[in-house]
Amino acid sequence: MQVTVKLFAFFREGRFKVEEREYPQATTVSDVVEGLGIDLDKVGITMINSRHCKFETLLQEGDNLAIFPVIGGG
Amino acid sequence: MSLAARLREKSQDNILLFADALILAEQCNVDLLKLEQTALENNIWPERYQRHRDIFSPAQQHQLLVSIVAIVGCGGLGGQVFEEFIRLGVGRIIAIDPDCFAAHNLNRQLLCTVEELGRFKVQAAVRRARSVNPAVQVTPLAQSFSVDIHNEVRQAQVVIDCLDSVADRHELAEFCRSSRIPLVHGAVEKWFGQIGVQKKSNLIKNLYPQIPPQDKITIPSVLSCTVAAVASLQVAETIKLLLHLDSPLRDNWKSVDLLNCEIEALDAQP
């Protein structure tokens, strides 16, 4: 299935801003995150089609997945 | 003669020169803040706010001068936010930070100078206000945000989150929610940041769903331009809250990316 993955802030470094990617059925958000070499502990918000989602949420064909890092500096 | 009459006598074209304000405050035995407030109540602009005249009404500038805000964390974001508040004429600022300046703060923390190294950040804020806008009243609290200072912070109309710890942000956000004080959130790392306003929502808990374990906490690198950009957005949101102006950022947030020159609205729904 095809999923549009959008990365934010320093998750873009060495990766991409937005990309349409192929995944097998039953792929979860955490599968995508880890597949991109991103440490789950560094992830702040994840959203599917502008709604908050969890790591274990299953992706569907045509979903837009946005992944934001925890930004904590002050 | 009343203070208002003295102000009218001294002003020209509804402008009160800064030097005259200092003299009048001394002659009339009133503090500079009260004098400037009285001037604006009489449609007289203190000279330092002359270039706000096409932006704010005298009543709005007066509203800023009678406002109380609390800045929690006076490092990068907090120092920049503080600087902009004193120049805007926010009348009273509660500045909270337990730390002293170290040389590694010099790259991005506006209140950190070579002279201030080793000194409390909140005391540097007091000195900065004295040199830029002596009318502003600063309450320095050289301690972490905790229950000990809840009563002090409850006086604020807006609290500005300039912290650098997720656990502390959770605690501050919960305090603001239960005290019904709007919280203006900002955070920075490298070229990136985020800005948000929490009024009734659980914005901070949504942004930081998990408190990272101690061994996973890293010290972020941050650029001065990222700090200034995000802090300026926090100040803009604070002005709008204090003056009851609309903003699309109520109970929402935006992602800031200076590397790609983007400010992205997410319109996130829980």
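Four bridges join β3(A) to β5(A), and the two strands run antiparallel. Strands here are DSSP runs (E, at least two residues), helices are DSSP runs too (H or I, at least four), and both are numbered from the N terminus. Two strands count as paired if DSSP finds at least two bridges between them. In this pairing, A:Met47 has A:Ala66 of β5(A) as its bridge partner.

Before going on, some housekeeping: this is a predicted model, where local features need pLDDT of at least 70, side-chain atom pairs count only at pLDDT 80 or more, and totals for chains, interfaces and linings use all residues. Residues are numbered from 1 along each chain as its sequence is written, while chains are lettered from A and ligands numbered from 1 in the order in which they are written.

**The sheet of chain A**

Chain A has one helix and five strands, and along the sequence they follow the pattern β-β-α-β-β-β. The radius of gyration of chain A is 12 Å, close to the 11 Å that the globule rule gives for 74 residues, so chain A is as compact as a globular protein of that length. For the record, that radius is taken over C-alpha atoms, and the rule is 2.2 Å times the number of residues to the power 0.38. The C-alpha trace of chain A spans about 40 × 25 × 20 Å along its principal axes.

The five strands form an open sheet with mixed pairing, in the order β2-β1-β5-β3-β4. β2 (18–22) and β4 of chain A sit at the edges with a single partner strand each, so one side of each has no neighbour in the sheet. In general, strands of a sheet pair through backbone hydrogen bonds, either parallel or antiparallel.

| Strand pair | Sense | Bridges | A residue pair |
|---|---|---|---|
| β1(A) and β5(A) | parallel | four | A:Val5 and A:Leu65 |
| β1(A) and β2(A) | antiparallel | five | A:Thr4 and A:Glu20 |
| β3(A) and β5(A) | antiparallel | four | A:Met47 and A:Ala66 |

A:Ala66 of β5(A) is also the bridge partner of A:Lys6.

How is β5(A) covered? Five of its six residues are buried, so to speak mostly under cover. Buried means that 20 or more other C-beta atoms lie within 10 Å of a residue's own (exposed: 12 or fewer; partly exposed: in between), with C-beta atoms placed from the backbone. Over chain A as a whole, buried residues make up 31% of the 74.

**Where A meets B**

The contact between the chains takes 16 residues from chain A and 30 residues from chain B. On chain A's side, β3 (43–48) and β4 (51–52) each supply at least two residues, and the largest share, three residues, comes from β3(A). That side divides into eight nonpolar, six polar and two charged residues. The classes are Ala, Val, Leu, Ile, Met, Phe, Trp, Tyr, Cys and Pro for nonpolar, Asp, Glu, Lys and Arg for charged, and the others, Gly among them, for polar.

**Inside chain B**

Chain B is assigned domain 1 (12–58) and domain 2 (67–265), with bounds from an automatic or database domain assignment. Their C-alpha centres lie 28 Å apart. Five residues of domain 1 are in contact with six of domain 2, and the domain 1 side has three nonpolar, no polar and two charged residues.

The largest nonpolar core has 96 residues, and B:Ile71, B:Ala95 and B:Val159 have the most contacts inside it. Such a core is a set of buried Ala, Val, Leu, Ile, Met, Phe, Trp, Tyr and Cys residues joined through C-beta atoms within 7 Å. α10(B) gives the largest share of this core, nine residues. Both domains of chain B give residues to this core, so it lies between them. Beyond its neighbours within four places in sequence, B:Ile71 is in contact with residues including B:Val81, B:Phe82, B:Ile93 and B:Ile160.

Helix α4 (residues 58–65) of chain B has B:Gln61, B:His62, B:Gln63, B:Leu64 and B:Leu65 buried. Their cover includes α3 (32–41), α5 (76–88) and α10 (224–242) of chain B.

Definitions and conventions:
Contact = placed C-beta atoms within 7 Å.
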